[in-house]
4 protein chains.
Amino acid sequence: MEINPCDKPVKGGSALPSRVSRKSHEENTIVTVNGVRVGGSEVVIIAGPCAVESREQLFETARSVRAGGANILRGGAFKPRSSPYNFQGMGEEGLKLLSLISKETGLPVVTEVMDTRQVELVSSYADMLQIGSRNMQNFPLLKEAGMCRKPILLKRGMMSTIEEFLLAAEYILSQGNDQVILCERGIRTFETSTRNTLDLSAVPMLKRLSHLPVIVDPSHGTGLRWMVPSMAKAAVAVGADGLIMEVHYKPETALCDGSQSLSLDEFDGLMTDLRKIANAVDREILVQKTTTV
Amino acid sequence: MEINPCDKPVKGGSALPSRVSRKSHEENTIVTVNGVRVGGSEVVIIAGPCAVESREQLFETARSVRAGGANILRGGAFKPRSSPYNFQGMGEEGLKLLSLISKETGLPVVTEVMDTRQVELVSSYADMLQIGSRNMQNFPLLKEAGMCRKPILLKRGMMSTIEEFLLAAEYILSQGNDQVILCERGIRTFETSTRNTLDLSAVPMLKRLSHLPVIVDPSHGTGLRWMVPSMAKAAVAVGADGLIMEVHYKPETALCDGSQSLSLDEFDGLMTDLRKIANAVDREILVQKTTTV
Amino acid sequence: MEINPCDKPVKGGSALPSRVSRKSHEENTIVTVNGVRVGGSEVVIIAGPCAVESREQLFETARSVRAGGANILRGGAFKPRSSPYNFQGMGEEGLKLLSLISKETGLPVVTEVMDTRQVELVSSYADMLQIGSRNMQNFPLLKEAGMCRKPILLKRGMMSTIEEFLLAAEYILSQGNDQVILCERGIRTFETSTRNTLDLSAVPMLKRLSHLPVIVDPSHGTGLRWMVPSMAKAAVAVGADGLIMEVHYKPETALCDGSQSLSLDEFDGLMTDLRKIANAVDREILVQKTTTV
Amino acid sequence: MEINPCDKPVKGGSALPSRVSRKSHEENTIVTVNGVRVGGSEVVIIAGPCAVESREQLFETARSVRAGGANILRGGAFKPRSSPYNFQGMGEEGLKLLSLISKETGLPVVTEVMDTRQVELVSSYADMLQIGSRNMQNFPLLKEAGMCRKPILLKRGMMSTIEEFLLAAEYILSQGNDQVILCERGIRTFETSTRNTLDLSAVPMLKRLSHLPVIVDPSHGTGLRWMVPSMAKAAVAVGADGLIMEVHYKPETALCDGSQSLSLDEFDGLMTDLRKIANAVDREILVQKTTTV
């Protein structure tokens with residue numbers, strides 16, 4: 001029975017919840033996304049467009065990031081947009097396209113789910129479900145994700161403390177799903193020269209407190225295409241288990257977040273640099289097996 | 001057709017959306033909550049416990065705030081809690097209790113809805129639906145609220161700019177529901193001596209930009225019972241159309257947020273002070289008609 | 001001897017220093033600025049231009065705020081400006097003008113000091129020395145202020161916690177000067193629609209923790225002329241012992257902060273409203289004795 | 001004559017000042033600190049205790065960081081402390097010790113200056129003057145630093161925007177001293193698990209906007225000894241021109257900031273890792289010439 005069910009202000013750091021805590025599980029958890037391991041010695045690269053906009057856009061981008069060395073494909077079918085008058089995503093049509101290109105390229109697919117009522121649908125197409133920053137404390141959605149059998153990519157809320165982030169993950173684990181990847185994607189601060197402030201110290205902190213894999217999103221974290229490579233390198237150096245980055249075959253025409261999307265060439269160049277950093281911290285970036293292409 | 005659907009970083013202030021804007025609707029909107037007008041010359045007082053915990057707790061508190069001059073009753077049946085192991089609310093049982101005491105006291109009831117799947121259920125018991133801070137950018141929930149026929153109390157996200165707050169309201173209005181009350185409840189800053197930083201400048205700013213009523217929550221805004229009266233008075237002085245406050249018949253035993261809940265006596269004393277401030281800014285706090293008690 | 005001299009991160013709130021603490025001095029301290037009492041039942045109004053720009057500008061503004069009911073005159077002679085190429089103030093010439101108009105109007109004068117080397121000079125002209133936000137942790141300046149025999153108006157740093165603010169005041173008191181007025185002037189947050197976020201909860205918090213008088217600066221706190229009156233009223237309602245506001249005889253031509261300066265007419269209108277709020281909280285705004293005009 | 005001298009709220013980014021801007025000076029500026037070049041292809045390591053506490057403490061630490069590969073020695077003689085009752089530094093006695101060990105080890109020395117009246121004294125002992133976070137907008141001190149003939153290490157204010165930081169540097173350059181190194185040391189945010197939030201995106205941003213060298217302080221940026229190595233590696237990966245780190249021969253007994261100081265062994269181990277990262281980004285960490293030891 002509940003004894004003290006009160007939410008204390010999460011300042012000062014209370015005891016961490018049990019399932020996400022490294023105290024309850026000393027070894028690193030490896031999350032497997034349709035064969036791709038996240039949380040081991042490999043640094044995993046997730047790349048693709050912000051939103052699925054068309055067959056051509058998605059397929060060209062996917063093939064290219066596959067060739068450049070990405071391990072998992074990202075792409076949004078349901079898009080959380082600040083304004084109701086902005087492009088809201090292609091919906092199930094987008095999911096179908098993701099599924100098609102996933103089969104062709106062999107890349108597992110991660111895509112966002114925004115509504116408890118969408119979990120089943122999205123699960124039927126995607127290999128991993130993303131819960132976005134704005135939904136990090138959407139508790140019914142977290143519980144629903146905890147009851148599905150797919151890995152979950154949980155992004156940190158843009159004004160969430162480390163403790164709240166881990167408690168949100170605990171909601172998923174408490175329902176029986178321990179395949180959770182944490183993603184630092186920038187927090188909101190007073191600084192306005194970048195879209196958010198990418199808090200790379202969250203990576204060592206989360207890995208110390210929890211056994212779950214931690215990846216970094218330098219695209220949303222900076223909002224600036226030219227800055228993504230620098231921050232991606234820093235993320236690998238600091239110990240991230242992977243990166244999720246926006247890549248677009250024609251960034252200047254993107255329907256969403258074009259200003260922070262890498263071009264295909266920029267992505268290729270960056271992969272070369274990332275391999276050097278990964279080696280310097282005794283890790284590696286795997287090349288996807290080429291059986292299907 | 002969508003021309004530029006991209007979410008720009010919401011810094012620097014883009015053009016405001018049309019329906020919430022005062023440019024599209026010069027007059028103040030009056031939201032009517034089962035007979036109680038919000039947004040007119042009256043200052044409306046919403047009071048009650050954080051969470052419905054039991055029949056006794058709810059009924060005693062409700063009768064007392066009614067006697068003290070509250071116009072609307074608050075109480076949570078579904079509670080968003082940072083930890084999955086905290087009290088999650090009484091659910092439909094709580095809704096039924098709210099409905100019963102509402103009939104007895106004549107006070108309309110506002111309670112939180114957290115999931116698109118709950119909107120119909122909650123609407124069938126409550127006079128107004130609250131969308132909480134953590135769900136301010138839960139866009140499917142906002143749309144669902146826009147399609148129901150009850151007034152909506154929308155709380156500002158603790159990390160949300162004024163512009164994002166108005167865009168969230170626009171989601172509701174865009175679905176045909178213009179009965180929306182905006183609520184400032186404190187933002188997250190570096191300061192740790194209070195639970196949040198109550199941003200009272202949001203009140204004149206929101207009223208200048210929009211025609212919607214604006215109320216203030218000094219309980220969550222401060223997290224400190226002793227500070228609630230001071231900030232409540234300031235909120236009325238700054239021009240708020242109402243207050244929402246946590247009151248508990250035994251704050252020290254509350255299952256949720258006891259440290260910021262007023263006792264019944266404190267509430268009574270505060271009401272006297274608030275009437276003076278309301279008069280000083282040419283407004284009034286109405287006493288609920290006593291037909292039903 | 002120093003045992004544990006280490007600066008701990010000021011989160012979570014350590015024990016407060018002794019001299020500023022209400023524990024060491026239960027009664028409110030009254031600071032007397034050349035006859036004007038701050039910290040008693042009166043609400044004190046400090047008004048004047050951001051910077052002294054010319055004899056005409058200062059004198060016309062001073063006479064007008066005097067007529068409107070101000071109790072103390074403000075005006076900067078040494079100006080801290082973000083850019084070295086901005087107007088840096090009139091220096092000693094400005095101090096002389098302040099001294100002249102002080103004698104004519106009978107209003108005591110407060111002006112900023114930025115450098116330890118200026119303390120003696122500024123003290124010889126002004127009735128109270130202001131230490132600005134950017135210098136709140138300029139410890140040598142605080143010590144120098146603690147050794148002079150004039151009251152000090154200490155503004156909260158825009159990045160400073162309540163605890164750091166009180167520790168800064170302690171620097172002054174520790175040197176033997178207990179005539180210190182604390183001023184909340186807005187903190188820096190993620191919100192960009194206002195220049196700063198005026199943290200009115202700082203007023204009850206500071207008055208609970210300390211015996212020193214607390215005033216509010218709604219001009220810097222909002223950066224918006226039209227919002228100053230609302231926030232000024234809220235500040236009086238919340239319990240501030242005074243207000244410091246920028247007033248300019250021709251705001252549109254001001255060399256500094258014109259966009260947040262009240263016109264003379266706006267100031268007069270506001271004073272009427274403030275008296276009503278002061279009465280509603282059982283305080284009063286005194287009219288300066290007219291012996292000298 | 002000044003035309004528009006008004007300080008606009010520094011949001012949204014105005015035109016950058018001329019001397020610090022890369023537009024006025026395309027090439028990277030190399031700052032030379034008594035023979036050590038900062039801003040070239042080398043990554044420079046500045047290490048030493050937070051405060052000079054005794055001859056033994058300073059000399060042992062200095063010799064050891066020298067042996068471990070540090071290029072410049074740091075150590076505070078005048079300490080800015082939140083509380084007046086904390087250890088304020090050894091003053092001139094500390095400067096003399098720094099000067100002695102500098103001669104012995106051949107390491108140039110950087111130490112903080114807090115007061116305009118100290119600039120001459122500190123300049124007579126140190127090879128580089130540090131202006132700390134709390135004094136980043138102490139404009140008289142910046143001007144005085146601009147008139148001295150020593151290089152200046154300018155730390156970013158903990159709540160300063162990139163633009164304000166560059167404008168502060170402009171104050172120094174505007175007086176004729178262009179030997180300025182910028183230092184990112186963490187900003188203040190809502191997150192409390194680290195002492196500050198180290199904003200590594202500031203490094204590429206500053207280097208894009210300005211020609212001045214940029215270094216990073218992972219000790220103050222995290223406040224956690226165990227996290228310093230991770231963030232140091234990330235800082236080199238992101239493109240920093242150097243690091244400044246606190247190292248203490250007995251961290252557990254340090255009079256200041258022991259909880260964030262590396263032990264001598266930890267420093268040695270980190271240097272090995274840093275060389276690998278430096279190589280991965282085509283840079284190198286020089287070993288100090290051993291003529292004097």
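Start with helix H5 of chain D, residues 162–173. This helix lies across strands E7 and E8 of chain D. Its direction runs at about 160° to E8(D). Keep in mind that we are looking at a predicted model.

Now the two strands under that helix. E7 of chain D covers residues 152–155, and E8 of chain D covers residues 180–184. They run parallel, and four bridges join them. One facing pair to pick out is Leu153(D), which stands opposite Ile181(D) in E8(D).

Where do E7 and E8 belong in chain D? They are part of a closed barrel of eight strands. Read the order as E3-E4-E5-E6-E7-E8-E9-E10, with parallel pairing. On average, neighbouring strands of this sheet are turned by 25° against each other, direction ignored.

Over to chain C. Here too there is a closed barrel of eight strands, E3-E4-E5-E6-E7-E8-E9-E10, and the pairing is parallel. Which helix packs on E4 and E5 of chain C? That is H2 of chain C, residues 92–105. Its direction makes about 165° with that of E5(C).

Look at that strand pair in chain C. E4 is residues 72–74, and E5 is residues 109–112. Two bridges pair them in the parallel sense. Find Leu73(C), and opposite you will see Val109(C) in E5(C).

Next, how the chains meet. Take A and B. The contact uses 41 residues from chain A and 41 residues from chain B. Which elements of chain A give two or more residues to the side that touches chain B? Helix H4, 139–147, and helix H5, 162–173. H5(A) gives the most, with four residues. By class, this side of chain A has 18 nonpolar, eleven polar and twelve charged residues.

Now B and C. This contact takes 33 residues from chain B and 33 residues from chain C. H8(B) gives the most, with six residues. The classes on this side of chain B are 15 nonpolar, 13 polar and five charged residues.

Packed helices are described by the angle between their axes and the distance between the axes. Is the crossing of H8(A) and H8(D) left-handed or right-handed? It is right-handed.

Which residues in H8(A) meet H8(D)? Ser230(A), Met231(A), Lys233(A), Ala234(A), Ala237(A) and Val238(A). In H8(D) they meet Ser230(D), Met231(D), Lys233(D), Ala234(D), Ala237(D) and Val238(D). By class, the contact has eight nonpolar, two polar and two charged residues.

Last, confidence. For the complex, the predictor gives an ipTM of 0.92 and a pTM of 0.93. Chain A has a mean pLDDT of 92, and 92% of its residues reach 70 or more. Where in chain A is the pLDDT below 50? Over residues 1–14. Beyond near neighbours in sequence, that stretch has 26 contacts in the model.

Conventions:
Residues numbered from 1 in each chain as written. Chains lettered and ligands numbered in written order. Predicted model: local features only at pLDDT ≥ 70, side-chain atom pairs only at ≥ 80, totals over all residues. Contact = placed C-beta atoms within 7 Å. Nonpolar A, V, L, I, M, F, W, Y, C, P; charged D, E, K, R; others polar. Pairing = 2+ DSSP bridges. Axes fitted to C-alpha atoms, helices over the stretch in contact; angles between N-to-C directions. pLDDT = per-residue confidence, 0-100. Left-handed = near helix turned anticlockwise from the far one by under 90°.
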